Amino acid sequence: MSLEWEKAHLLRADQFVADGERRVSEQATRINHMLDSGQDVAEAQGRLTILKVALAKWHVHRAEIRQHVDRMEAPA
């Protein structure tokens, strides 16, 4: 695959990471509001855990793509 394709893939991974971070933040905010109103947060916390696991995987994937791009850009 070309360097341009890999860079486009990296940009997409950046978008997934940013979206994942936003979702984690939103879910944490929801949980805080639920706690403030005395609601049960067990299910919401379970979803937050799932979001955090997915986000961690996206961070790893993004780092792998970044390393690949760096190797492709390195002088021979």
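Me: Contact means heavy atoms within 4.5 Å; which residues does Leu48 touch, not counting residues up to four places away in sequence?
Reply: This is a predicted model, where local features need pLDDT of at least 70, side-chain atom pairs count only at pLDDT 80 or more, and totals for chains, interfaces and linings use all residues. Residues are numbered from 1 along each chain as its sequence is written, and side-chain values use heavy atoms, with hydrogens and water left out. Leu48 touches Val24, Gln27, Ala28 and Ile31.

Me: How are the axes of H1 and H2 oriented, roughly parallel or roughly antiparallel?
Reply: Helices are DSSP runs (H or I, at least four residues), numbered from the N terminus. The axes, lines fitted to C-alpha atoms over the stretch in contact, come within 9 Å and cross at roughly 160 degrees, on a scale from 0 to 180 degrees between N-to-C directions. Angles over 145 degrees count as roughly antiparallel, so H1 and H2 are roughly antiparallel.

Me: Is Glu26 buried, partly exposed or exposed?
Reply: Glu26 is in helix H1. Exposed means over 50% relative accessible area, and partly exposed lies between that and the 20% limit for buried. At 32% relative accessibility, Glu26 is partly exposed.

Methods. Contact = heavy atoms within 4.5 Å. Helix = DSSP H or I, 4+ residues; strand = E, 2+ residues; numbered from the N terminus. Parallel < 35°, antiparallel > 145°, perpendicular 65-115°, else oblique. Buried < 20%, exposed > 50% of the residue type's maximum accessible area, 1.4 Å probe, protein only.
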